[in-house]
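Please look over the sequence and the model below. A short report comes after them.

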Amino acid sequence: MQIDLSSHIVKVYLTLKVENAGSTPTSEVLLSFPPTQADHLATVEALVTKGKRKKTTLVRLDVKPTELPDAPNDAKYFTIYLANPLKSGESATIEVLYLLTHSQEPFPAEIAQSESQLVYYRDSAWILSPYHIKQQTTFIKTPSTKVESFTRVEPSNRAGTEIKYGPYEDHLPYSFSPILIHFENNSPFAVVEELVREVEISHWGNLQVTEQYTLVHAGARHKGVFSRVDYQSRPTLNGASSLRYLLARLPPRVHSVYYRDEIGNISSSHLRTDSRKSELEIEPRYPLFGGWKATFVIGYGLPLQDFLFETSDDRRYLNFTFGCPLLETVVDKLTVKVVLPEGSKDPSAVVPFPVEQHLETKYSYLDVVGRTVVVMEKKNLVPTHNSHFQVYYTFKPIFMFAEPLMLASAFFLFFVACVAYLHIDLSIRK
Amino acid sequence: MATMPASASDLLKSFKLKTKQQELLIRVSILCLVYILAFITRLFSVLRYESMIHEFDPYFNYRTTLYLTENGFYDFWNWFDYESWYPLGRIVGGTLYPGLMVTAVLIYRILRFLRFAVHIREVCVLTAPFFASNTTLVAYFFGKEIWDSGAGLVAAILIAICPGYISRSVAGSYDNEGVAIFALLFTFYVFVKAVNTGSLAWSLVSAFGYFYMVSAWGGYVFIINLIPLYVLVFYFLDWVKHMLSDTKLFQAFLRITVTCAVAVGGIALGLGMVSGYISPWTGRFYSLLDPTYAKDHIPIIASVSEHQPTAWSSFMFDFHILLFLFPAGLYFCFKRLSDATIFIVMYGLTSMYFAGVMVRLILVATPAVCLISAIAVSATVKNLTVLLRSKNKVVQTGSTKRSGGSQSSSKALLDQSQPFQKNGAIALLFGAFYLLSRYATHCTWVTSEAYSSPSIVLAARGAHGNRVIFDDYREAYFWLRQNTPQDAKVMSWWDYGYQITAMGNRTVIVDNNTWNNTHIATVGRAMSSYEDEAIEIIRSLDVDYVLVVFGGVTGYSSDDINKFLWMVRIGGGVFPVIKEPDYLVNGEYRVDKGAAPKMLNCLMYKLCYYRFGEMMTEYGKPPGYDRARGVEIGNKDVKLEHLEEAFTTSNWIVRIYRVKPPNNRCEI
């Protein structure tokens with residue numbers, strides 16, 4: 001087991017060697033989490049290596065949350081479904097990756113500008129498991145060598161940025177050994193409390209994306225003075241944990257990018273584009289210290305042909321990324337709205353993970369009946385959620401011309417009225 | 001095949017317009033172009049910066065418009081604003097001119113109804129240019145009414161680009177004047193129309209125009225005073241005509257009536273004021289009658305830059321050649337005296353006087369100046385062209401009479417008869433066009449350089465010629481909005497009040513609606529006292545944050561240190577503890593080592609220069625070198641006891657201090 005604490009998102013890699021000690025073949029492996037961790041669990045992935053030696057490929061396995069009736073202390077379960085059932089006495093190696101958000105607690109909870117940020121991380125020396133553990137070693141990687149303290153569960157030692165627990169032999173199911181690590185983590189805790197992404201499809205060739213962010217620095221709260229002179233002259237010492245800029249990775253061929261908030265344009269942003277990706281570096285109006293907030297909007301246009309495709313049965317579908325384009329950012333609540341063109345029918349969304357869905361109607365320029373909006377909501381997202389989703393719908397191209405025709409006829413009527421006015425004498429007297 | 005050209009020419013003939021239609025077509029297309037020109041020339045700021053609200057007062061108007069769109073008219077009318085003038089509050093609904101906000105919201109609703117998904121901010125930003133375009137139309141009709149349609153067209157063009165009007169109507173300058181000038185000119189136009197036609201319908205329209213004007217701007221008093229004056233003059237002139245037959249009687253009558261009228265008026269005014277029937281005039285009106293009044297008596301009016309008496313240079317800047325055309329136009333008006341021209345002459349002369357008294361009233365004079373100048377231009381050009389054309393006619397008739405070869409001789413004959421007129425006319429015409437083209441270039445230059453900066457975002461040239469943007473105001477206001485408690489009270493000088501409430505969404509102590517002089521003086525007193533005295537005032541006002549604007553790092557000159565003497569004066573006007581000489585050395589205002597000790601230790605000085613002594617601002621200069629005033633500051637070791645630095649923007653333009661909670665009482 002490896003725990004990576006270098007950013008505020010906790011990444012845990014498990015390499016499990018499971019052995020079927022029972023008598024019947026099984027294809028299910030249970031993972032268990034204590035309830036405090038389960039609340040902060042953003043994603044669980046399981047992979048299995050196939051092939052021998054150099055020609056190994058990773059195959060993704062299905063992972064589903066499971067409820068067990070006799071769970072001790074409200075432990076939460078995930079079931080990994082193996083591709084090939086494991087016969088009695090056989091063993092297999094499974095790689096599991098899970099990410100935890102909001103799992104590093106700043107202590108002290110309030111720091112001054114010149115102090116660096118210290119956090120607590122709580123876990124168990126060995127994993128909580130419904131199975132018997134024969135042997136386990138845990139490596140914990142800290143962002144710097146500055147570790148205030150860590151719980152000793154012999155054998156354990158620290159070297160550089162790594163703390164090693166174990167190897168431990170023979171632990172009973174559901175045994176638990178709490179550990180507490182107190183260390184320095186000056187990486188900014190960028191948390192987007194709420195993000196609304198609106199993707200508007202125009203069949204005239206443009207895909208307009210508007211993203212509304214509520215960003216907060218979720219690290220140790222800033223206390224007392226903010227001194228600009230210190231911040232400008234010694235930036236590494238003063239405000240080490242502050243959030244200065246964010247990097248957003250946008251699709252290639254992005255155009256008309258804007259970055260603004262309720263009171264206007266924010267001029268501190270840079271866009272770098274190449275043929276494979278675009279990177280937008282944005283600075284909030286002010287550096288974010290612990291507990292400080294900023295709201296802003298990013299918008300950009302994309303060429304439609306990169307994202308909109310037709311199926312064989314004459315339906316269209318949008319293929320777009322789901323998550324937040326900002327790097328190393330946790331999103332507490334994400335709402336993705338796909339605004340379909342006016343006149344589209346039978347929308348349906350395909351998302352690789354469970355989301356809440358409903359439909360809305362939006363009125364934009366010159367809309368008469370309104371546009372159908374597919375709304376998808378999900379909580380607790382990490383950058384690995386940036387996978388693609390699809391929205392299928394049917395659309396008749398004739399609807400494209402409704403609005404230009406409306407405009408044209410309005411102008412036509414206006415000119416006809418002008419001509420009529422000039423040619424008809426409306427006066428009563430002669 | 002041979003018939004084809006003939007039928008084509010027939011077709012062409014049938015499409016060919018009559019002269020009258022041609023004239024109409026040209027007139028309509030010129031008006032359309034002027035309409036568009038008036039709109040787009042005001043968009044410099046949008047193109048150069050962004051679609052944003054400018055300056056100070058427009059932010060209040062924008063905030064109220066937002067409130068109106070969100071809560072409806074009834075709530076707007078009854079709105080009591082807790083976010084300004086803490087702890088007094090302000091009855092907003094009853095103390096503003098709602099015309100602008102209602103207009104903007106109406107436009108917004110119409111656009112929304114037509115399914116244009118615009119934001120109210122865009123509507124607010126473009127309201128002033130839109131009304132400026134409408135004003136050009138009114139100017140055309142007005143010019144047509146008082147002179148002819150040629151003068152109307154010229155007036156429309158002149159007013160479309162006149163800097164005096166553009167200064168208050170660029171995109172983003174969302175202020176009352178933007179719609180009020182339209183309302184003013186419209187009311188006058190319809191009034192003159194009513195006078196000329198005697199039609200009741202027009203006078204009714206005029207009344208509605210006046211109603212709109214009253215709802216939009218305090219400048220309506222100009223209309224209500226000008227029209228009676230006009231009627232008086234009108235009657236007087238009529239009477240003069242009538243009485244001219246009997247001179248002796250007329251003179252005697254005049255003497256008696258005038259003295260009686262003046263005496264009765266004076267007594268009535270005096271009695272009314274003493275008994276309180278006539279409320280004493282407010283200071284702004286006094287200063288209109290006596291330009292030196294404000295300077296001596298009311299510092300709060302004198303402190304506003306737009307209330308200063310106008311300098312000749314700004315007349316030149318705002319009117320350019322119109323300043324010379326104006327007297328010429330007056331001459332033409334007197335030459336063809338009619339009811340309409342009497343009115344425009346009176347409007348021009350009175351508004352010119354007011355424009356001379358107060359800079360901001362150049363705006364009121366602008367339409368009159370444009371109209372009268374248009375008369376001058378139109379009449380001159382018309383006279384000249386008539387001269388040219390009549391001669392051409394003679395040439396033509398001459399050439400038709402004599403056939404072929406004798407044409408040149410007839411021309412020579414004509415030239416002999418009027419040797420200078422034709423050349424002179426051509427030269428004058430070219431001169432006029434040259435002047436007008438100079439006017440156009442001047443207007444464009446002024447608009448782009450002087451009147452299109454939002455003053456929220458400051459732009460400067462960097463060392464490499466690139467444009468550097470200082471967006472510190474919004475940085476600070478957004479910081480306040482996001483990172484202070486919802487009910488935090490911010491104390492600043494009144495200039496920034498509207499912006500803090502609109503952009504920072506926080507409660508302020510004083511703002512740009514300077515209705516309570518004592519309250520402003522209290523803030524001025526706090527700023528000019530020593531810290532331990534100021535903290536008493538600050539605590540009594542329940543202030544959480546103090547905001548100051550400081551330009552020492554960037555060289556931004558309209559900051560609080562440069563405004564500080566006004567704070568002292570206004571504070572001293574109410575609280576005699578504050579004395580202006582304490583802050584001056586030999587009548588000189590300075591911040592360096594030679595500054596007055598009270599100056600070096602007052603709260604404003606401390607807040608602006610806190611930790612500035614450690615800062616290197618310019619290469620080759622000592623630390624703590626103030627670039628706005630070009631001196632090294634006198635007190636580099638500023639210590640604050642009751643306040644602490646909460647936020648300073650990246651270029652130090654805005655500095656915000658938090659008021660520390662009182663210390664716990666010592667143990668006994």
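The report below goes from the two-chain contact to single residues.

## Ground rules

This is a predicted model, so local features need pLDDT of at least 70, side-chain atom pairs count only at pLDDT 80 or more, and totals for chains, interfaces and linings use all residues. Residues are numbered from 1 along each chain as its sequence is written, chains are lettered from A and ligands numbered from 1 in the order in which they are written, and side-chain values use heavy atoms, with hydrogens and water left out.

## Where the chains meet

The contact (heavy atoms within 4.5 Å) takes 29 residues from chain A and 30 residues from chain B. The size of an interface is often given as the accessible area lost when the parts come together. Between chain A and chain B, the buried area is about 2700 Å². That is the accessible area (1.4 Å probe) that two parts lose on being put together, summed over both. Carbon and sulfur atoms give 52% of it.

Four salt bridges cross the interface of chain A and chain B. A salt bridge here is a side-chain nitrogen of Lys or Arg within 4 Å of a carboxyl oxygen of Asp or Glu. One pair is B:Asp471 with A:Arg285, whose closest N and O atoms are 3.2 Å apart.

## Chain B

Chain B has 28 helices and eleven strands. Both are DSSP runs, numbered from the N terminus: helices are H or I with at least four residues, strands are E with at least two. Of the 668 residues in chain B, 50% are buried. Buried means under 20% relative accessible area, exposed over 50%, and partly exposed in between (1.4 Å probe, protein chains only). The accessible surface of chain B is about 32500 Å² (Shrake-Rupley method, 1.4 Å probe), and 64% of it belongs to carbon and sulfur atoms.

UniProt lists "domain: STT3/PglB/AglB core" (unreviewed entry) at residues 489-546 of chain B. UniProt positions are given in the numbering used here, feature names are shortened, and annotations may be inferred rather than shown by experiment. The span 489-546 of chain B is 52% helix and 12% strand, with its end C-alpha atoms 9 Å apart.

## Salt bridges within chains

The structure holds 49 salt bridges over all chains. A:Arg60 pairs with A:Glu45, with the closest N and O atoms 3.4 Å apart. A:Arg60 sits in strand E5 (residues 57-66) of chain A and A:Glu45 in strand E4 (residues 41-50) of chain A, 15 residues apart. A:Arg60 is exposed at 57% relative accessible area, whereas A:Glu45 is buried at 18%. In chain B, B:Glu177 and B:Arg168 form a salt bridge, closest N to O 3.0 Å. Both B:Glu177 and B:Arg168 are buried.

A:Lys362 and A:Glu198 also meet in a salt bridge, 3.0 Å from N to O. A:Lys362 is in strand E29 (residues 356-362) of chain A and A:Glu198 in strand E16 (residues 190-202) of chain A, so the pair ties together parts 164 residues apart in sequence. A:Lys362 is partly exposed, at 23% relative accessibility. Shared partners join A:Glu198, A:Glu200, A:Lys362, A:Asp367, A:Arg371 and A:Glu403 into one network of salt bridges.

## A nonpolar patch and a helix

A:Trp204, A:Ile398, A:Phe399, A:Phe401 and A:Leu405 make a nonpolar surface patch of about 570 Å². Patches use residues with over 30% relative accessible area and no salt bridge: like charges are joined within 9 Å, nonpolar side chains (Val, Leu, Ile, Met, Phe, Trp, Tyr) within 5 Å. A:Phe401 lies in the loop between strand E31 (388-394) and helix H3 (402-423) of chain A. A:Phe401 is partly exposed, at 42% relative accessible area.

UniProt places a "transmembrane region" (unreviewed entry) at residues 405-424 of chain A. In the model, residues 405-424 of chain A are 95% helix and 0% strand, and the end C-alpha atoms are 28 Å apart.

## Backbone exceptions

Most residues other than glycine have a negative phi, and most peptide bonds are trans. The bond from A:Phe107 to A:Pro108 is cis, with omega near 5°. The bond from A:Glu154 to A:Pro155 is also cis, with omega near 0°.

B:Asn586 has a positive phi, near 50°. B:Asn586 is exposed, at 82% relative accessible area.
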